[in-house]
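Please look at the model below with its sequence beside it, and keep both at hand while reading.

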Amino acid sequence: MERTIDVITTVNEWYWYLPLTILVLSGIVYTIWSKGAQIRLFGEMVRVIKEPSLVMENGRKGLSSFQAFTISAAARVGTGNVAGVAIAITLGGPGAVFWMWMLALIGAATSFVESTLGQLYKFKDRDSYRGGPAYYISRGLGKRWPAVLFAVVTIITYGLVFNTVQANTIADSISNSVGNTEPLFLAGIGVAVAALLALVIFGGVRRIAHVTQVLVPVLALSYVGLGLVVVALNIPEVPGMVWLIIENAFGFREVVAGGLGAALLHGMQRGLYSNEAGMGSIPNVSATAAVSHPAKQGLVQSLGVYFDTMLICSMTAFIILLAEPDFGEREGATLTQHALSVQFGDWAIHFLTVVIFILAFSSLLGNYYIGYANLEFLTRSPRALMWFRLAIIGCAFLGSIAALDLVWEMANLTMGVMVLINLLAIAPLAVITFRLLDHYVAQRKQGINPTFTVSEMPELKGVECWGHENESEPTRAQ
């Protein structure tokens with residue numbers, strides 16, 4: 001087992017510099033190209049997320065921007081925010097936090113591009129819309145085989161590997177909370193998580209939306225509130241903490257393994273795992289919303305990057321660094337639990353266990369939907385869907401008893417393949433995205449709520465859902 005982990009770790013350390021380099025460069029290019037839209041249009045992001053959904057062609061009310069946002073947040077806000085940040089600090093030092101922030105800042109531009117494309121190339125499903133990279137690769141680029149490859153890798157990454165990570169963190173936090181690490185106890189946790197997951201995923205995307213739109217905001221805000229209390233209690237130490245993050249980010253001094261390379265690599269890896277900007281996962285969710293203009297979901301999902309990294313991940317980093325724990329003795333969720341107990345006592349360990357459970361469980365649901373959307377691209381076979389659901393449930397059980405190092409390194413490996421395929425795919429399609437952005441901004445300047453039909457850009461190929469005038473006529477913007 002240790003040999004396997006060492007081999008995967010070595011591959012990741014060499015391979016990951018390629019997708020990270022492309023990710024950073026593309027994010028910079030998209031930021032310049034859009035004139036900093038991810039910063040300039042922040043107020044518009046907040047406005048759009050509050051819009052109600054439109055009625056679909058079948059007469060049913062579609063998913064709103066907020067519901068799509070909560071499904072994507074369910075996939076984003078989970079173990080990456082609690083365990084992932086802790087692992088980044090353990091391996092890369094406090095400077096890893098700085099590189100998380102930088103990746104989020106430029107990654108929001110990449111997220112805008114891929115999520116807008118997800119909306120543009122969506123098509124009508126049974127009870128919602130469906131889309132994502134596999135769809136805009138096949139329809140926008142006219143390439144079938146890379147779309148199939150992306151779908152297969154995504155099913156493996158989200159349906160299997162990432163859900164193993166989520167379940168592993170649930171089991172790790174619960175066992176740390178109750179002080180029981182016996183294999184039989186961990187197996188019991190796995191059975192319970194698998195059973196709860198089965199109850200929800202057999203209910204379809206609307207049930208997932210209803211669950212996540214309640215769970216994610218409540219738990220995320222409660223966690224942020226706890227982090228703010230920690231900051232308030234340690235105000236004199238905050239400037240020193242910020243300086244520690246900055247000086248370690250550029251390798252000014254060594255902390256743990258915190259040279260420039262370690263801080264940058266682990267910070268960006270964990271930041272990407274958390275906010276998923278450029279990975280190609282969130283476009284699957286952004287496609288589900290019933291909105292009047294594709295750029296609206298691009299803006300909403302850019303906001304999701306900030307919500308995830310700048311808010312949730314920062315709270316975890318502050319909790320850990322202000323507690324000054326021993327990085328060498330703990331890792332993952334247990335490090336965050338220990339840091340919180342330093343501030344509030346042992347009850348905080350149990351509180352965070354509840355938070356981790358609900359956030360990780362919501363991520364299980366979000367991950368399932370992303371895998372499902374890509375399976376549906378490959379086949380509509382009910383038997384294939386049944387086997388996929390059973391595999392998801394099985395991974396939730398196996399993750400509870402697997403080794404922490406192995407599941408995280410497997411997540412790094414498959415995630416890197418997804419990132420590379422998606423970034424290469426959206427590069428030639430980005431010009432369409434920024435034409436849509438200009439179209440959107442022009443309407444906003446006229447004081448109307450932006451709408452789009454493909455007749456306004458008739459040269460676009462493979463677009464299905466934007467061929468008719470939207471049910472809602474343009475109205476004066478609120």
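Helices are DSSP runs of H or I with at least four residues, and they are numbered from the N terminus. The structure described here is a predicted model, and the names of its helices follow that numbering.

## A helix, a patch and a cavity

Isoleucine 39 belongs to helix α3, and with a relative accessible area of 53% this isoleucine is exposed, because exposed means over 50%.

How many cavities of 30 Å³ or more does a search of the whole structure find? The search finds 1 such cavity, and the volume of the largest cavity is about 40 Å³. Its lining consists of Ser34, Ala37, Gln38, Met45, Ala109, Phe112, Leu299 and Ser302. At least two residues of this lining come from each of α3 (37-40), α7 (95-120) and α15 (294-323). When the lining residues are sorted by class, 5 are nonpolar and 3 are polar, while no charged residues are found there.

Lysine 35 is placed in the loop between α2 (17-33) and α3. Most residues other than glycine have a negative phi. Lysine 35, although not a glycine, has a positive phi of about 55°. This lysine counts as exposed, because its relative accessibility of 63% is over 50%.

## Salt bridges

Over the whole structure, a search finds 7 salt bridges.

| Residue | Partner | Distance (N to O) |
|---|---|---|
| Arginine 130 | Glutamate 376 | 3.7 Å |
| Glutamate 464 | Arginine 139 | 3.5 Å |
| Glutamate 459 | Arginine 435 | 2.5 Å |

In the salt bridge between the side chains of arginine 130 and glutamate 376, arginine 130 comes from strand β2 (residues 129-130) and glutamate 376 from helix α17 (residues 347-378), so the pair ties together parts that are 246 residues apart in sequence. Are these two residues buried or exposed? Arginine 130 is buried, and glutamate 376 is buried as well.

The side chains of glutamate 464 and arginine 139 also meet in a salt bridge. This pair links distant parts of the chain, since glutamate 464 is in the segment after α19 and arginine 139 is in helix α8 (residues 133-140), 325 residues apart. Glutamate 464 is partly exposed, with a relative accessible area of 33%, and arginine 139 is partly exposed too, with a value of 26%.

With a relative accessible area of 40%, glutamate 459 is partly exposed, and arginine 435 is partly exposed at 35%.

Salt bridges can also be considered as a group, and one network of them links Glu44, Arg47 and Arg444.

## Single residues and their distances

Threonine 451 is another residue of the segment after α19 (404-445). Is threonine 451 buried or exposed? Its relative accessible area is 14%, and threonine 451 is therefore buried, because buried means under 20%. The C-alpha atom of threonine 451 is separated by 9.1 Å from that of histidine 439, which is 12 residues apart from it along the chain.

Glycine 240 has its place in helix α12 (residues 238-249), where it counts as partly exposed at 46% relative accessibility. Between the C-alpha atoms of glycine 240 and leucine 322 the separation is 9.4 Å, although these residues are 82 residues apart along the chain.

Leucine 221 is a residue of helix α11 (residues 205-233), and with a relative accessible area of 54% this leucine is exposed. Leucine 221 and leucine 311 are 90 residues apart along the chain, and their C-alpha atoms are separated by 9.6 Å.

Conventions
Residues numbered from 1 in each chain as written. Predicted model: local features only at pLDDT ≥ 70, side-chain atom pairs only at ≥ 80, totals over all residues. Heavy atoms only, no water. 1 Å grid on protein atoms, 1.4 Å probe; cavity = no way out; pocket = protein on both sides within 12 Å on 5 of 7 lines; lining within 4 Å. Points joined across faces, edges and corners; volume = space filled by probe spheres on them. Nonpolar A, V, L, I, M, F, W, Y, C, P; charged D, E, K, R; others polar. Buried < 20%, exposed > 50% of the residue type's maximum accessible area, 1.4 Å probe, protein only. Salt bridge = Lys/Arg side-chain N within 4 Å of Asp/Glu carboxyl O.
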